Amino acid sequence: MPYDARRPYNDLPLLPPPADLETKVVLKKCVLARTAIADLRRAGELIPDQSVLVNTIPLLEAKDSSEIENIVTTNDALFREASQRDEAGDPSAKEALRYRAALYSGVQMLTERPLSARTAIEVCSAIKGVDMDVRKTPGTELKNTFTGDIIYTPPEGETKLRDLLSNWERFANADDDLDPLVRMAVLHYQFEAIHPFIDGNGRTGRILNVLSLIQAGLLDIPTLYLSRYIVRTKGDYYRLLQGVTERGDWEPWVLYILQAVEVTATWTNARIRAIRDLMLHTADHVKAAAPNLYSHDLIQVIFAQPYVRIGHLIDSGIAERHAASRYLKQLASIGVVVEEKRGRDKLFVHRKYMDLLGRDDHVFPAYPPFAEPSQASKKKPK
Ligand SMILES: Nc1ncnc2c1ncn2[C@@H]1O[C@H](COP(=O)(O)OP(=O)(O)O)[C@@H](O)[C@H]1O
Ligand SMILES: [Mg+2]
(Lines give C-alpha, C1' and ligand atoms only; values in the text may rest on other atoms or scores of the structure.)
(Ligands and ions follow the chains in the order given, each with its own letter.)
Protein backbone atom coordinates (compact mmCIF):
# COMPACT_ATOMS: atom_id res chain seq x y z
CA MET A 1 0.00 0.00 0.00
CA PRO A 2 1.32 3.48 -0.76
CA TYR A 3 2.43 5.52 2.21
CA ASP A 4 -0.37 7.57 3.73
CA ALA A 5 0.43 10.10 6.45
CA ARG A 6 -3.05 9.64 7.93
CA ARG A 7 -2.72 5.89 8.45
CA PRO A 8 -0.72 4.42 11.36
CA TYR A 9 2.66 3.55 9.91
CA ASN A 10 2.72 -0.06 11.05
CA ASP A 11 4.97 -0.89 8.07
CA LEU A 12 7.84 1.04 9.61
CA PRO A 13 10.88 -1.08 8.61
CA LEU A 14 13.02 -2.63 11.33
CA LEU A 15 16.64 -1.59 11.86
CA PRO A 16 19.22 -1.69 10.43
CA PRO A 17 18.16 0.43 7.46
CA PRO A 18 18.57 -1.31 4.12
CA ALA A 19 20.66 1.51 2.66
CA ASP A 20 24.42 1.72 2.91
CA LEU A 21 24.65 4.49 5.46
CA GLU A 22 28.34 5.15 5.46
CA THR A 23 28.66 6.69 2.04
CA LYS A 24 31.73 8.69 1.10
CA VAL A 25 30.12 12.06 1.93
CA VAL A 26 28.82 10.72 5.22
CA LEU A 27 32.23 9.42 6.22
CA LYS A 28 33.87 12.72 5.32
CA LYS A 29 31.34 14.62 7.39
CA CYS A 30 31.79 12.12 10.19
CA VAL A 31 35.46 12.97 10.47
CA LEU A 32 34.64 16.66 10.97
CA ALA A 33 31.93 15.96 13.51
CA ARG A 34 34.12 13.50 15.40
CA THR A 35 36.95 16.03 15.57
CA ALA A 36 34.61 18.70 16.90
CA ILE A 37 33.23 16.39 19.54
CA ALA A 38 36.69 15.25 20.61
CA ASP A 39 37.63 18.92 21.06
CA LEU A 40 34.48 19.48 23.07
CA ARG A 41 35.33 16.60 25.34
CA ARG A 42 38.78 18.07 25.98
CA ALA A 43 37.31 21.52 26.63
CA GLY A 44 35.42 19.98 29.53
CA GLU A 45 38.74 19.43 31.24
CA LEU A 46 39.41 23.19 31.27
CA ILE A 47 36.89 23.63 34.04
CA PRO A 48 37.80 21.08 36.66
CA ASP A 49 34.72 21.67 38.81
CA GLN A 50 32.20 19.74 36.76
CA SER A 51 29.22 21.33 38.50
CA VAL A 52 29.79 24.46 36.42
CA LEU A 53 29.28 22.73 33.07
CA VAL A 54 26.93 20.04 34.20
CA ASN A 55 24.57 22.65 35.68
CA THR A 56 24.60 25.17 32.90
CA ILE A 57 25.02 23.55 29.48
CA PRO A 58 22.25 20.97 30.04
CA LEU A 59 19.97 23.78 31.16
CA LEU A 60 20.56 25.59 27.86
CA GLU A 61 19.90 22.31 26.08
CA ALA A 62 16.74 21.82 28.13
CA LYS A 63 15.50 25.27 27.16
CA ASP A 64 15.95 24.79 23.42
CA SER A 65 14.78 21.19 23.35
CA SER A 66 11.60 22.26 25.13
CA GLU A 67 11.22 25.19 22.78
CA ILE A 68 11.17 22.82 19.81
CA GLU A 69 7.99 21.52 21.46
CA ASN A 70 6.63 25.05 22.00
CA ILE A 71 7.39 25.08 25.70
CA VAL A 72 8.99 28.46 25.82
CA THR A 73 10.82 29.99 28.73
CA THR A 74 13.64 32.47 29.21
CA ASN A 75 17.14 31.89 30.49
CA ASP A 76 16.37 34.19 33.40
CA ALA A 77 13.23 32.35 34.46
CA LEU A 78 14.99 29.05 34.04
CA PHE A 79 18.15 29.79 35.98
CA ARG A 80 16.18 31.55 38.68
CA GLU A 81 13.92 28.52 39.02
CA ALA A 82 16.95 26.24 39.04
CA SER A 83 18.46 28.09 41.98
CA GLN A 84 15.70 27.25 44.40
CA ARG A 85 14.65 24.09 46.07
CA ASP A 86 11.05 24.91 46.78
CA GLU A 87 8.11 24.79 44.40
CA ALA A 88 7.15 28.02 42.74
CA GLY A 89 6.96 29.96 39.59
CA ASP A 90 6.89 29.52 35.89
CA PRO A 91 5.42 26.21 34.65
CA SER A 92 7.42 26.24 31.40
CA ALA A 93 10.64 26.80 33.32
CA LYS A 94 9.67 23.89 35.55
CA GLU A 95 9.07 21.67 32.58
CA ALA A 96 12.47 22.59 31.15
CA LEU A 97 14.03 21.89 34.54
CA ARG A 98 12.46 18.46 34.52
CA TYR A 99 14.14 17.93 31.16
CA ARG A 100 17.50 18.57 32.75
CA ALA A 101 16.68 16.23 35.62
CA ALA A 102 15.64 13.61 33.06
CA LEU A 103 18.94 14.01 31.27
CA TYR A 104 20.85 13.54 34.53
CA SER A 105 18.84 10.47 35.44
CA GLY A 106 19.47 9.03 31.97
CA VAL A 107 23.21 9.48 32.44
CA GLN A 108 22.93 7.75 35.80
CA MET A 109 21.00 4.84 34.25
CA LEU A 110 23.83 4.27 31.77
CA THR A 111 26.08 3.35 34.68
CA GLU A 112 23.58 0.62 35.58
CA ARG A 113 22.55 -0.80 32.21
CA PRO A 114 23.00 -0.15 28.50
CA LEU A 115 20.63 2.11 26.61
CA SER A 116 17.26 0.41 26.48
CA ALA A 117 13.54 0.83 25.97
CA ARG A 118 13.27 1.03 29.74
CA THR A 119 15.69 3.96 29.75
CA ALA A 120 13.43 5.70 27.24
CA ILE A 121 10.31 5.08 29.34
CA GLU A 122 11.99 6.38 32.49
CA VAL A 123 13.44 9.41 30.74
CA CYS A 124 10.03 10.29 29.29
CA SER A 125 8.40 9.87 32.71
CA ALA A 126 10.97 12.21 34.21
CA ILE A 127 10.31 14.84 31.52
CA LYS A 128 6.56 14.65 31.86
CA GLY A 129 6.60 14.40 35.64
CA VAL A 130 4.17 11.44 35.55
CA ASP A 131 4.58 7.72 34.87
CA MET A 132 4.64 7.19 31.13
CA ASP A 133 4.46 3.95 29.23
CA VAL A 134 4.17 2.77 25.66
CA ARG A 135 0.89 3.94 24.02
CA LYS A 136 -1.95 1.52 24.49
CA THR A 137 -4.67 3.34 22.62
CA PRO A 138 -4.79 4.61 19.04
CA GLY A 139 -5.15 8.24 18.11
CA THR A 140 -1.67 9.73 18.32
CA GLU A 141 -0.83 11.79 15.27
CA LEU A 142 1.57 14.59 14.41
CA LYS A 143 0.01 17.71 13.02
CA ASN A 144 1.36 20.79 11.36
CA THR A 145 0.84 23.46 14.03
CA PHE A 146 -0.17 26.10 11.48
CA THR A 147 -2.42 24.23 9.08
CA GLY A 148 -3.57 21.42 11.38
CA ASP A 149 -2.80 18.91 8.60
CA ILE A 150 -1.67 15.48 9.73
CA ILE A 151 2.00 15.06 8.83
CA TYR A 152 2.63 11.66 10.35
CA THR A 153 0.71 8.91 12.09
CA PRO A 154 2.97 6.60 14.07
CA PRO A 155 2.45 2.84 14.34
CA GLU A 156 -0.15 1.63 16.80
CA GLY A 157 -0.81 -1.40 18.95
CA GLU A 158 1.09 -1.99 22.16
CA THR A 159 2.74 -5.23 20.99
CA LYS A 160 3.80 -3.61 17.73
CA LEU A 161 5.36 -0.70 19.61
CA ARG A 162 7.17 -2.95 22.08
CA ASP A 163 8.54 -5.07 19.23
CA LEU A 164 9.78 -2.00 17.42
CA LEU A 165 11.40 -0.75 20.61
CA SER A 166 13.17 -4.07 21.20
CA ASN A 167 14.56 -3.85 17.70
CA TRP A 168 15.62 -0.26 18.39
CA GLU A 169 17.32 -1.39 21.58
CA ARG A 170 19.22 -4.19 19.81
CA PHE A 171 20.47 -1.74 17.23
CA ALA A 172 21.52 0.71 19.96
CA ASN A 173 23.74 -1.99 21.44
CA ALA A 174 24.74 -3.82 18.26
CA ASP A 175 28.26 -5.11 18.11
CA ASP A 176 29.16 -3.77 14.68
CA ASP A 177 31.54 -1.10 13.45
CA LEU A 178 29.01 1.58 12.56
CA ASP A 179 30.18 5.06 13.54
CA PRO A 180 28.48 6.12 16.81
CA LEU A 181 27.31 9.39 15.26
CA VAL A 182 25.68 7.60 12.35
CA ARG A 183 24.14 5.18 14.81
CA MET A 184 22.77 8.10 16.79
CA ALA A 185 21.17 9.58 13.66
CA VAL A 186 19.53 6.24 12.81
CA LEU A 187 18.34 5.70 16.37
CA HIS A 188 16.86 9.17 16.51
CA TYR A 189 14.89 8.79 13.31
CA GLN A 190 13.62 5.38 14.33
CA PHE A 191 12.66 6.49 17.82
CA GLU A 192 10.67 9.42 16.47
CA ALA A 193 9.05 7.23 13.83
CA ILE A 194 8.01 4.69 16.50
CA HIS A 195 6.78 7.61 18.62
CA PRO A 196 6.12 5.23 21.51
CA PHE A 197 4.49 7.75 23.85
CA ILE A 198 1.46 9.97 23.77
CA ASP A 199 3.73 12.97 24.28
CA GLY A 200 7.37 13.70 25.06
CA ASN A 201 8.79 11.71 22.13
CA GLY A 202 10.85 14.55 20.70
CA ARG A 203 12.44 15.50 24.00
CA THR A 204 13.03 11.89 25.05
CA GLY A 205 14.61 11.16 21.69
CA ARG A 206 16.95 14.13 21.99
CA ILE A 207 18.06 13.03 25.45
CA LEU A 208 18.65 9.52 24.10
CA ASN A 209 20.96 11.08 21.49
CA VAL A 210 23.28 12.43 24.13
CA LEU A 211 23.08 9.19 26.08
CA SER A 212 24.09 7.18 23.03
CA LEU A 213 27.22 9.31 22.67
CA ILE A 214 28.11 8.85 26.32
CA GLN A 215 27.56 5.11 25.95
CA ALA A 216 29.85 5.07 22.91
CA GLY A 217 32.52 6.87 24.94
CA LEU A 218 32.47 10.02 22.81
CA LEU A 219 31.43 12.22 25.73
CA ASP A 220 31.92 11.94 29.48
CA ILE A 221 29.31 14.43 30.59
CA PRO A 222 26.14 15.57 28.82
CA THR A 223 27.52 18.79 27.39
CA LEU A 224 26.49 18.47 23.77
CA TYR A 225 23.95 21.19 23.12
CA LEU A 226 22.36 19.63 20.04
CA SER A 227 18.96 21.27 20.41
CA ARG A 228 20.55 24.64 19.79
CA TYR A 229 20.97 23.62 16.17
CA ILE A 230 17.68 21.79 15.89
CA VAL A 231 15.51 24.61 17.20
CA ARG A 232 17.10 26.94 14.66
CA THR A 233 16.51 24.55 11.77
CA LYS A 234 13.26 23.00 12.89
CA GLY A 235 11.78 23.04 9.38
CA ASP A 236 14.67 20.94 8.06
CA TYR A 237 14.49 18.64 11.07
CA TYR A 238 10.84 17.83 10.41
CA ARG A 239 11.25 17.65 6.64
CA LEU A 240 14.25 15.32 6.78
CA LEU A 241 12.61 12.98 9.29
CA GLN A 242 9.66 12.76 6.95
CA GLY A 243 11.98 12.21 3.97
CA VAL A 244 13.23 8.98 5.53
CA THR A 245 9.67 7.79 6.02
CA GLU A 246 8.41 8.70 2.58
CA ARG A 247 11.42 8.00 0.41
CA GLY A 248 14.01 6.18 2.49
CA ASP A 249 16.17 9.29 2.22
CA TRP A 250 18.70 8.36 4.87
CA GLU A 251 21.73 10.20 3.61
CA PRO A 252 20.40 13.79 3.93
CA TRP A 253 19.04 12.94 7.39
CA VAL A 254 22.35 11.51 8.58
CA LEU A 255 24.22 14.48 7.12
CA TYR A 256 21.85 16.85 8.92
CA ILE A 257 22.56 15.20 12.27
CA LEU A 258 26.31 15.17 11.61
CA GLN A 259 26.15 18.86 10.78
CA ALA A 260 24.18 19.47 13.99
CA VAL A 261 26.86 17.67 15.99
CA GLU A 262 29.71 19.53 14.33
CA VAL A 263 28.12 22.96 14.69
CA THR A 264 26.96 22.53 18.26
CA ALA A 265 30.13 20.82 19.47
CA THR A 266 32.16 23.70 18.04
CA TRP A 267 29.83 26.26 19.54
CA THR A 268 29.73 24.60 22.96
CA ASN A 269 33.49 24.29 22.95
CA ALA A 270 33.82 28.05 22.37
CA ARG A 271 31.20 28.72 25.04
CA ILE A 272 33.09 26.60 27.58
CA ARG A 273 36.29 28.48 26.80
CA ALA A 274 34.50 31.78 27.27
CA ILE A 275 33.12 30.63 30.62
CA ARG A 276 36.61 29.59 31.66
CA ASP A 277 37.96 33.02 30.60
CA LEU A 278 35.23 34.82 32.50
CA MET A 279 36.02 32.71 35.57
CA LEU A 280 39.68 33.69 35.42
CA HIS A 281 38.82 37.32 34.79
CA THR A 282 36.33 37.39 37.65
CA ALA A 283 38.84 35.80 39.99
CA ASP A 284 41.36 38.50 39.06
CA HIS A 285 38.80 41.21 39.58
CA VAL A 286 37.80 39.91 43.03
CA LYS A 287 41.43 39.49 44.05
CA ALA A 288 42.15 43.09 43.07
CA ALA A 289 39.00 44.79 44.28
CA ALA A 290 38.25 42.76 47.41
CA PRO A 291 41.26 40.59 48.26
CA ASN A 292 39.87 39.55 51.64
CA LEU A 293 36.86 38.10 49.90
CA TYR A 294 38.55 36.00 47.25
CA SER A 295 38.49 32.26 47.48
CA HIS A 296 38.57 29.62 44.80
CA ASP A 297 35.37 28.07 46.19
CA LEU A 298 33.49 31.36 46.08
CA ILE A 299 34.27 31.72 42.38
CA GLN A 300 33.12 28.14 41.78
CA VAL A 301 29.81 28.80 43.52
CA ILE A 302 28.96 31.89 41.51
CA PHE A 303 29.69 29.95 38.32
CA ALA A 304 27.85 26.81 39.34
CA GLN A 305 24.64 28.86 39.17
CA PRO A 306 24.19 32.43 38.00
CA TYR A 307 21.37 33.05 40.49
CA VAL A 308 23.22 32.90 43.76
CA ARG A 309 21.59 32.47 47.15
CA ILE A 310 23.01 32.68 50.62
CA GLY A 311 22.16 28.99 50.96
CA HIS A 312 24.52 28.09 48.13
CA LEU A 313 27.48 29.53 50.03
CA ILE A 314 26.42 27.76 53.19
CA ASP A 315 25.95 24.45 51.37
CA SER A 316 29.39 24.58 49.83
CA GLY A 317 30.93 25.23 53.21
CA ILE A 318 32.21 28.72 52.41
CA ALA A 319 30.62 30.47 55.34
CA GLU A 320 27.72 30.38 57.78
CA ARG A 321 24.64 32.46 57.15
CA HIS A 322 25.76 35.81 58.49
CA ALA A 323 29.14 35.82 56.78
CA ALA A 324 27.68 34.36 53.58
CA SER A 325 25.25 37.24 53.37
CA ARG A 326 28.07 39.70 53.93
CA TYR A 327 30.19 38.07 51.21
CA LEU A 328 27.41 38.36 48.68
CA LYS A 329 26.76 41.98 49.52
CA GLN A 330 30.45 42.63 49.11
CA LEU A 331 30.45 40.88 45.75
CA ALA A 332 27.56 43.16 44.83
CA SER A 333 29.50 46.23 45.90
CA ILE A 334 32.33 45.39 43.49
CA GLY A 335 29.85 44.81 40.67
CA VAL A 336 30.07 41.04 40.35
CA VAL A 337 26.51 40.29 41.38
CA VAL A 338 23.35 42.36 41.58
CA GLU A 339 20.97 41.96 44.47
CA GLU A 340 17.44 41.19 43.46
CA LYS A 341 14.50 40.97 45.83
CA ARG A 342 11.56 38.81 44.95
CA GLY A 343 9.10 38.81 47.78
CA ARG A 344 10.92 37.56 50.85
CA ASP A 345 13.44 35.89 48.62
CA LYS A 346 16.94 37.32 48.37
CA LEU A 347 18.82 36.56 45.20
CA PHE A 348 22.13 37.73 43.82
CA VAL A 349 22.27 37.64 40.05
CA HIS A 350 25.63 37.05 38.46
CA ARG A 351 24.74 39.30 35.56
CA LYS A 352 27.87 39.04 33.44
CA TYR A 353 27.66 35.26 33.55
CA MET A 354 23.94 35.26 32.84
CA ASP A 355 24.49 37.56 29.85
CA LEU A 356 27.27 35.36 28.53
CA LEU A 357 25.10 32.25 28.84
CA GLY A 358 22.38 33.88 26.76
CA ARG A 359 24.56 35.23 23.97
CA ASP A 360 25.11 33.81 20.52
CA ASP A 361 28.72 34.89 20.42
CA HIS A 362 31.29 34.28 23.14
CA VAL A 363 32.31 37.73 24.32
CA PHE A 364 31.80 39.47 27.62
CA PRO A 365 32.65 43.03 28.69
CA ALA A 366 35.63 43.21 31.03
CA TYR A 367 35.50 44.62 34.54
CA PRO A 368 36.96 48.12 34.66
CA PRO A 369 40.66 48.00 35.51
CA PHE A 370 41.23 48.26 39.23
CA ALA A 371 43.56 51.08 40.27
CA GLU A 372 42.77 52.60 43.65
CA PRO A 373 41.13 50.66 46.42
CA SER A 374 37.59 51.23 45.26
CA GLN A 375 35.08 53.19 47.26
CA ALA A 376 32.77 50.29 46.93
CA SER A 377 34.99 47.70 48.53
CA LYS A 378 35.83 49.97 51.46
CA LYS A 379 32.20 50.46 52.25
CA LYS A 380 31.29 48.26 55.18
CA PRO A 381 28.34 46.13 54.33
CA LYS A 382 25.57 46.20 56.92
N1 LIG B 1 7.46 13.42 10.21
C2 LIG B 1 7.86 13.00 11.39
N3 LIG B 1 8.02 11.70 11.65
C4 LIG B 1 8.41 11.28 12.86
N5 LIG B 1 8.69 12.08 13.89
C6 LIG B 1 8.55 13.39 13.70
C7 LIG B 1 8.14 13.93 12.46
N8 LIG B 1 8.11 15.25 12.57
C9 LIG B 1 8.49 15.54 13.82
N10 LIG B 1 8.75 14.43 14.52
C11 LIG B 1 9.21 14.31 15.93
O12 LIG B 1 8.13 14.45 16.81
C13 LIG B 1 8.49 15.30 17.89
C14 LIG B 1 7.26 15.87 18.57
O15 LIG B 1 6.60 14.80 19.25
P16 LIG B 1 6.06 14.94 20.74
O17 LIG B 1 5.66 13.61 21.27
O18 LIG B 1 5.05 16.03 20.81
O19 LIG B 1 7.37 15.37 21.52
P20 LIG B 1 7.43 16.37 22.75
O21 LIG B 1 6.33 16.28 23.71
O22 LIG B 1 8.77 16.22 23.28
O23 LIG B 1 6.94 17.59 22.13
C24 LIG B 1 9.39 16.30 17.21
O25 LIG B 1 10.26 16.97 18.10
C26 LIG B 1 10.20 15.41 16.29
O27 LIG B 1 11.26 14.80 16.99
MG1 LIG C 1 4.61 17.52 22.49
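The protein is built from 16 helices and five strands, where helices (H or I, at least four residues) and strands (E, at least two) are DSSP runs numbered from the N terminus. The model is a predicted one, in which local features need pLDDT of at least 70 and side-chain atom pairs count only at pLDDT 80 or more, while totals for chains, interfaces and linings use all residues. Residues are numbered from 1 along each chain as its sequence is written, and chains are lettered from A and ligands numbered from 1 in the order in which they are written.

The C-alpha trace spans about 80 × 45 × 40 Å along its principal axes. Of the 382 residues, 39% are buried, that is, they have 20 or more other C-beta atoms, placed from the backbone, within 10 Å of their own. Among contacts with a separation of 6 or more, 70% join residues 24 or more positions apart; a contact requires C-beta atoms, placed from the backbone, to lie within 7 Å.

Beyond its neighbours within four places in sequence, threonine 268 is in contact with Leu40, Ile57, Thr223, Leu224 and Tyr225. Its C-alpha atom is separated by 9.8 Å from that of alanine 36, 232 residues apart along the chain.

Next comes a pair of helices. The axes of H4 (residues 91–110) and H8 (residues 201–215) come within 10 Å and cross at roughly 35°, the axes being lines fitted to C-alpha atoms over the stretch in contact, with angles running from 0 to 180 degrees between N-to-C directions. Tyr99, Ala102, Leu103, Gly106, Val107 and Leu110 of H4 meet Arg203, Ile207, Val210, Leu211, Ile214 and Gln215 of H8.

Helix H8 also takes part in the shell around ligand 1, supplying at least two residues, as do strand E2 (150–152), helix H7 (180–194) and helix H10 (234–247). In total, 17 residues surround the ligand, the closest being Glu69, Glu192, Asn201, Gly202 and Arg203; each has its C-beta atom, placed from the backbone, within 6 Å of the ligand.

Definitions and conventions: Contact = placed C-beta atoms within 7 Å. Buried ≥ 20, exposed ≤ 12 C-beta atoms within 10 Å, placed from the backbone.
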